[in-house]
Amino acid sequence: MSTHAIFRAPEPYNEPPHSFAPGTPAREELRRRLGELESQQLDIPLLIGGEEVRTGDTFDAVEPHNRSHVLATVHKGGAAEVERAIAAAGEAWHDWSRTPWEERAAVILRASELLAGPWRSTLNAATMLGQSKTAHQAEIDAACELIDFWRFNVEYMTRIYAEQPASSPGVWNRIEYRPLEGFVFAVTPFNFTAIGGNLPTSAALMGNTVVWKPASTAAYSAWCRPRNLRASPLKS
């Protein structure tokens, strides 16, 4: 059944950063999460069509400030995995490209809530360990900036959809925006965790499917984020 309403997304706002001042709960939570992540070594697969794929061809994700400390073993993708990821993106396109914009927006806004809440210390800690950032640098990048990207991108999407042509008397000109055919290939850098989260999800928000290739030196933080978006990430 079709709906008959013009939906308005929640008003976006900038996420306030934590100070991590001595004695604050945020400082203690981050300290605890750093210890937990540093005490374990992850096995990071590729994610293709929602399935974990382990190729056995791996490299170590290490702390740049302590290269002898291995954070994770990361599986690399080759030509076969690239083809699988492209095929998975093509298959997902049929449903995702037809998903109403408000439902796509709800996925992104939910991700922002998860990052602002229970996933915040995890992604901050992963960015500190994997990319040698300070608590402040990780907070304004991995947490606040990415939360802001997700909140404001929903607003920007609605502005794009609201942009309509003028009509002469007796005529109603309308523009309907549709996703790209095929897929978007998102290659993200190592230096900003927020870019790693924003580049693939901004395309997905507009109804596109995505093959995501994060930088190998940021594979650790790329894995340690809210993973509930219908994209097809390819990690290598």
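Mentor: One definition comes before the questions: buried means under 20% relative accessible area, exposed means over 50%, and partly exposed lies in between, with a 1.4 Å probe and protein chains only. This is a predicted model, in which local features need pLDDT of at least 70 and side-chain atom pairs count only at pLDDT 80 or more, while totals for chains, interfaces and linings use all residues. Residues are numbered from 1 along each chain as its sequence is written, and side-chain values use heavy atoms, with hydrogens and water left out.

Trainee: How many salt bridges are found in the whole structure?

Mentor: Side chains of opposite charge can pair when their charged atoms come close. A salt bridge here is a side-chain nitrogen of Lys or Arg within 4 Å of a carboxyl oxygen of Asp or Glu. By that rule, a search of the whole structure gives a total of 14.

Trainee: Is Glu36, which pairs with Arg33, buried or partly exposed?

Mentor: The closest N and O atoms of Arg33 and Glu36 are 2.8 Å apart. Both residues belong to helix H1 (residues 25–38), where being three residues apart separates them by about one helical turn; helices (H or I, at least four residues) and strands (E, at least two) are DSSP runs numbered from the N terminus. Arg33 is buried at 17% relative accessible area. Glu36 has 29% relative accessibility, so it counts as partly exposed.

Trainee: What is the relative accessibility of Arg54?

Mentor: Arg54 forms a salt bridge with Glu52, the closest N and O atoms being 3.1 Å apart. Glu52 is partly exposed, with a relative accessible area of 46%. Arg54 also counts as partly exposed, its relative accessibility being 43%.

Trainee: Which residues does Asn124 touch, leaving out those up to four places away in sequence?

Mentor: Asn124 sits in helix H4 (residues 120–131) and is buried, with a relative accessible area of 2%. Contact means heavy atoms within 4.5 Å. With residues up to four places away in sequence not counted, Asn124 touches Phe20, Leu30, Ala138, Glu139, Ala142 and Ala143.

Trainee: Where does Phe20 lie?

Mentor: Most residues other than glycine have a negative phi. Phe20 has a positive phi, near 60 degrees. Phe20 is buried at 10% relative accessible area, and its place is the segment before H1.

Trainee: Which loop holds Ser132?

Mentor: Ser132 is not a glycine, yet its phi is positive, about 60 degrees. At 32% relative accessibility, Ser132 counts as partly exposed. Ser132 is in the loop between H4 and H5.

Trainee: How far from the sulfur of Cys144 is the nearest cysteine sulfur?

Mentor: A disulfide is a pair of cysteine sulfur atoms within 2.5 Å, and by this rule the count is zero. Cys144 is therefore in no disulfide; the nearest cysteine sulfur belongs to Cys224, at a distance of 18 Å.

Trainee: How many of the 13 residues of H6 are buried?

Mentor: The buried residues of H6 include Thr193, Asn198, Pro200 and Leu205. H6 is mostly covered, and its number of buried residues is ten.

Trainee: What is the distance between the C-alpha atoms of Gly78 and Glu63?

Mentor: Gly78 is in the loop between strand S5 (66–75) and H2. Gly78 counts as partly exposed, at 28% relative accessibility. Gly78 and Glu63 are 15 residues apart along the chain, and their C-alpha atoms are separated by 25 Å.
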